[in-house]
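Here is a short briefing for a first look. Keep the sequence and the structure side by side as you read.

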Amino acid sequence: MELDRAKVNSSFNKVADTNGGTSQAAEFNGDVDCLQQQQTKTKKPKMTNDDLVTVVVGTQWGDEGKGKVVDILATSADVVCRCQGGNNAGHTVVVDDVVYDFHLLPSGIIHPTCDVIIGNGVVVNLPELFHEIEKNAAKGLTNWQNRLKISNRAHLVFDLHMKLDGVQEMKRGRNSIGTTKKGIGPTYASKATRNGLRMCDLVGDFNLFTERFKNLIDYHNTSCPELALNVEEELEKYKLLREKVKPFVVDSVLYLNNAIKNGRKILIEGAQSTMLDIDFGPYPYVTSSNCSVGGVCTGLGIPPRNIGNVYGVVKAYLTRVGAGGFPTELLDDLGDLLQKRGAEFGVTTGRRRRIGWIDMVMLRYSHMINGFSAVAITKLDILDVLKEVKIGITYKLDGKPIESIPASDEDLKRVEVEYLTLPGWLTSTENVRKFEDLPENAQKYVRKIEELLNVPVKWIGVGQARSSIIQVF
């Protein structure tokens with residue numbers, strides 16, 4: 001932008017004259033010169049959509065099928081990253097009838113040209129990570145050794161944290177949260193109390209690691225003596241794991257920022273979901289990390305200005321695991337039918353998922369937080385056998401309409417839901433690959449969700465296999 005010196009000086013001189021002096025005007029002339037010189041020297045960075053980072057996050061209570069969307073986008077990505085959570089997450093990808101289950105590994109690792117990053121915001125259980133690698137390698141995962149990178153700033157999950165998780169959950173009694181007992185919450189707690197241990201500690205000076213590990217044990221033994229850990233045995237285990245993990249540990253912040261500078265395409269794979277976010281979910285029935293889009297910046301060290309498209313993944317109905325409010329929950333035979341048809345058991349825990357109708361108040365709230373560019377609707381085929389389908393469209397609390405999700409879970413349990421009922425389609429959609437080939441009522445269902453959310457639907461999942469996807473645009 002060129003500065004009009006005459007106009008600027010004229011305006012400023014008028015101000016200077018009213019103040020009874022011209023020294024400020026003269027001073028300002030110098031400022032204009034400096035500003036023009038700075039504009040000549042400084043060029044705005046060129047921004048194109050191709051250079052931006054793409055993010056995939058869940059919109060509900062998890063288990064939406066994010067792995068399928070990541071699998072699609074990973075075909076054109078150079079790097080796929082996890083930014084938060086731990087092995088309490090579970091993503092399933094089916095390739096040529098082979099089912100790959102991922103908990104810590106980004107599911108993009110099944111693409112042989114993708115590097116994968118476990119970011120600084122992830123908490124890592126090393127024995128479980130290597131077990132997961134071995135299990136998937138036996139199914140056909142190859143060349144992972146050259147493509148896996150783990151942040152040197154990622155915190156470690158120890159047996160101590162898992163035992164502590166179980167003890168804490170047991171002590172909650174009837175008020176249990178429904179944690180996976182994987183030690184994720186206690187590890188993030190250690191991070192917050194600044195006595196956690198990171199990858200850089202493990203692969204660095206092992207004497208210092210030993211000292212800090214013993215301090216961590218002592219810290220928890222004072223408040224929870226029933227933990228009963230063999231410290232020396234644990235240290236021997238981590239002495240071996242140290243050598244095993246060392247080749248994969250990198251400065252992930254430097255790695256990713258160099259990747260952005262070099263024009264590599266980066267895909268971020270969210271774990272859990274927005275309604276489990278520790279800040280935005282119905283606390284305390286949440287996970288221990290920020291699993292909405294903000295977690296990308298803090299969990300990977302990627303600048304906000306580099307984030308491009310944010311895709312939300314929406315299950316065509318609603319599920320959740322664990323306790324807490326569930327306004328659209330189905331506690332009848334219809335819920336049982338959808339549970340069986342959708343094989344709704346947790347990938348990580350195997351627990352039966354609770355079932356309900358899709359909830360637009362929840363989806364609009366997720367959109368407010370994440371700002372979706374588009375969404376994917378998954379598992380539409382599970383609704384194929386229903387004579388009618390319902391969409392929860394508004395909430396009332398104490399007889400008054402409310403526009404968003406209540407902050408209190410106690411209030412969430414009390415809301416009344418207004419539903420929109422649409423006719424079902426009673427036709428299999430499993431082999432459909434074009435939107436226009438879907439039954440008319442299935443198309444109307446998708447378009448109604450799109451209309452109520454005011455976000456375009458880009459993909460529709462109609463089966464478990466990699467090919468069972470409809471790209472709408």
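The points below cover the annotated active site and then the salt bridges.

This is a predicted model. An unreviewed UniProt entry annotates Asp-63 and His-91 as "active site". The salt bridges number 24.

**The annotated pair**
- Asp-63 and His-91 carry the "active site" label in the UniProt record, an unreviewed entry.

**Asp-63**
- Asp-63 sits in the loop that runs between strand S1 (53-58) and helix H3 (66-74).
- Its relative accessible area is 24%, so Asp-63 is partly exposed.
- Leaving aside residues up to four places away in sequence, Asp-63 touches Lys-315, Thr-319, Val-321 and Arg-353.

**His-91**
- His-91 is part of strand S3 (residues 91-95).
- With a relative accessible area of 6%, His-91 is buried.
- Beyond residues up to four places away in sequence, the contacts of His-91 include Lys-66, Gly-67, Tyr-100 and Asp-101.
- Glu-269, Gly-270 and Ala-271 are also among the residues that His-91 touches.

**Salt bridge Arg-264 to Asp-115**
- The side chains of Arg-264 and Asp-115 form a salt bridge, at 3.2 Å from N to O.
- Arg-264 lies in the loop between helix H10 (252-261) and strand S10 (266-269), and Asp-115 in strand S5 (residues 115-118), so the bridge ties together parts 149 residues apart in sequence.
- Arg-264 is partly exposed at 26% relative accessible area, while Asp-115 is buried at 13%.

**Salt bridge Arg-352 to Asp-336**
- Arg-352 pairs with Asp-336 in a salt bridge, and their closest N and O atoms are 2.6 Å apart.
- Arg-352 is in the loop between helix H12 (333-341) and strand S13 (354-356), and Asp-336 is in helix H12, so this pair links parts 16 residues apart in sequence.
- Arg-352 is partly exposed at 45% relative accessibility, and Asp-336 is partly exposed at 30%.

**Salt bridge Lys-448 to Glu-451**
- Lys-448 and Glu-451 meet through their side chains in a salt bridge of 3.2 Å, N to O.
- Both residues lie in helix H15 (residues 440-453), three residues apart, or about one turn of the helix.
- Lys-448 is partly exposed at 21% relative accessible area, whereas Glu-451 is exposed at 53%.

Definitions and conventions
Residues are numbered from 1 along each chain as its sequence is written. This is a predicted model: local features need pLDDT of at least 70, side-chain atom pairs count only at pLDDT 80 or more; totals for chains, interfaces and linings use all residues. Side-chain values use heavy atoms; hydrogens and water are left out. UniProt positions are given in the numbering used here, feature names are shortened, and annotations may be inferred rather than shown by experiment. Helices (H or I, at least four residues) and strands (E, at least two) are DSSP runs, numbered from the N terminus. Buried means under 20% relative accessible area, exposed over 50%, partly exposed in between (1.4 Å probe, protein chains only). Contact means heavy atoms within 4.5 Å. A salt bridge is a side-chain nitrogen of Lys or Arg within 4 Å of a carboxyl oxygen of Asp or Glu.
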